[in-house]
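Dear colleague,

Please find the structure below, together with its sequence.

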Amino acid sequence: MLHIVRWCIGLFAICFALLVQAEDFEAIKRAAENGDAQAQFNLGVRYNSGQGVERDDAEAAKWYHKAAEQGQADAQFVLGSIYAFGLGVARDDAEAVKWSRKAAEQGNATAQYNLGLRYAHGRGVERDEAEAANWYRKAAELGNAAAQYNLGRMYAGGQGVPRDDAEAANWYRMAAEQEHVAAQYTLGEMYAEGRGVTQNDAEAMAWYQKAAEQEHPEAQEALEAMKKQTHKPGFFERLREKFWPKK
C-alpha cells in the first residue's frame with residue numbers, strides 16, 4: 001500500500017512539476033524563502049519528484065507545510081496524504097485529518113473524499129457514517145467517481161443516509177459513466193435484479209460488458225451467465241431438436 005501511495009503522491013507532484021519545469025530552481029527557492037506560498041508548494045513538488053534537485057521527502061514535507069500554513073489548498077491536500085502514510089514525516093492521523101479538512105473546506109474533491117473515508121472507517125476521527133456521507137456527497141457533486149460510488153453504497157445500505165435504491169443507482173450511474181469499474185458492475189446488478197431501476201436485461205448486460213472489459217471477474221461471470229440464459233433454446237426449438245435433429 002505504501003508504495004502505491006508514494007507513487008500517487010509522486011504522480012501528483014510530477015503533474016505540477018511539468019507546470020513549473022521552465023522555472024529556475026534557485027528562483028523558486030528564493031521566492032519560497034521570501035514567503036511566497038505558491039513557490040513554497042512548487043519547491044515541495046521539486047523535492048518530492050526529484051526534479052532539478054536530489055529527491056528528499058522530508059524537505060518536500062517542510063515546504064508543503066510552509067505553503068499549507070498560508071492556506072495553499074494543494075499543499076494542504078498533499079500534506080494530509082503525507083501525514084496519513086508517514087512520507088517524510090512521522091505518521092500522524094490527527095495531522096492528516098487536520099490538513100485534509102483544511103483542503104476539503106477549500107473545495108478539494110479528493111481531500112473531501114479522503115475525509116469521507118476517515119469518517120466511514122474511524123481513522124483519526126470518531127466513526128460517523130452521516131459525516132462520511134456528507135463529505136462523500138461534497139466530493140461526488142464535484143465529480144469524484146470514487147465518492148459517487150461510495151455514496152451509492154451508503155444509500156444502498158442505508159448507512160448515514162436513508163436507504164434509497166433509486167438514489168444509490170443514480171450515484172452508481174454517475175461513477176459508472178466515468179469508467180469506475182465497481183460502479184459499472186453494481187449498476188449491472190441493479191438492472192439485472194430491478195433494484196432502484198426498472199429491470200432490464202439489456203442494460204444489465206451493457207454495464208456488465210463495460211466492467212468485464214476492465215477485467216472485473218464477477219462482471220465477466222455475470223455476463224457469461226446472462227448470455228447463456230439469453231441463448232437458451234425455447235420450447236419449440238427444444239421440441240424440434242428432439243424430433244427433427246439436424247443431420
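**Helix packing and a pocket**

H9 and H10 are roughly antiparallel to each other, because the angle between them is about 165° and angles over 145 degrees count as roughly antiparallel. Please note that this is a predicted model. The axes of H9 and H10 lie 8 Å apart, and their crossing is left-handed. On the H9 side, the residues that meet H10 are Ala-145, Gln-148, Tyr-149, Leu-151, Gly-152, Arg-153, Tyr-155 and Ala-156. Their partners in H10 are Asp-165, Glu-167, Ala-168, Trp-171, Tyr-172, Met-174 and Ala-175. By class, the contact of H9 with H10 consists of 10 nonpolar, two polar and three charged residues.

Helix H10, which spans residues 165-176, also packs with helix H11, residues 181-193. Here the angle is about 140° and the axes are 8 Å apart. H10 and H11 are therefore oblique to each other. H10 passes H11 in a left-handed crossing. From H10, the contact involves Asp-165, Ala-168, Ala-169, Tyr-172, Arg-173, Ala-175 and Ala-176. These meet Ala-183, Gln-184, Thr-186, Leu-187, Met-190 and Tyr-191 in H11. The contact of H10 with H11 contains nine nonpolar, two polar and two charged residues.

A further pair is formed by helix H5 (residues 73-85) and helix H6 (residues 93-105), which pack at an angle of about 155° with axes 7 Å apart. That angle makes H5 roughly antiparallel to H6. The crossing in which H5 passes H6 is left-handed. H5 contributes Ala-73, Gln-76, Phe-77, Leu-79, Gly-80, Tyr-83 and Ala-84 to the contact, while H6 contributes Glu-95, Ala-96, Trp-99, Ser-100, Lys-102 and Ala-103. Eight residues of the contact of H5 with H6 are nonpolar, three are polar and two are charged.

The second largest pocket also deserves attention. Which residues line the second largest pocket? They are Ala-120, His-121, Arg-127, Glu-129, Tyr-136, Asn-150, Arg-153, Met-154 and Gln-159. Helix H7 (109-121), helix H8 (129-141) and helix H9 (145-157) are the elements that each give two or more residues to this lining. H9 gives the most, with three residues. The lining divides into three nonpolar, three polar and three charged residues, and the space in the pocket is about 220 Å³.

Arg-153 links two parts of this account: Arg-153 of H9 takes part in the contact with H10, and Arg-153 is also among the residues that line the second largest pocket. In H10, Asp-165 meets residues of H9, and Asp-165 also belongs to the contact of H10 with H11.

Definitions and conventions: Residues numbered from 1 in each chain as written. Predicted model: local features only at pLDDT ≥ 70, side-chain atom pairs only at ≥ 80, totals over all residues. Heavy atoms only, no water. 1 Å grid on protein atoms, 1.4 Å probe; cavity = no way out; pocket = protein on both sides within 12 Å on 5 of 7 lines; lining within 4 Å. Points joined across faces, edges and corners; volume = space filled by probe spheres on them. Helix = DSSP H or I, 4+ residues; strand = E, 2+ residues; numbered from the N terminus. Nonpolar A, V, L, I, M, F, W, Y, C, P; charged D, E, K, R; others polar. Axes fitted to C-alpha atoms, helices over the stretch in contact; angles between N-to-C directions. Parallel < 35°, antiparallel > 145°, perpendicular 65-115°, else oblique. Left-handed = near helix turned anticlockwise from the far one by under 90°. Contact = heavy atoms within 4.5 Å.
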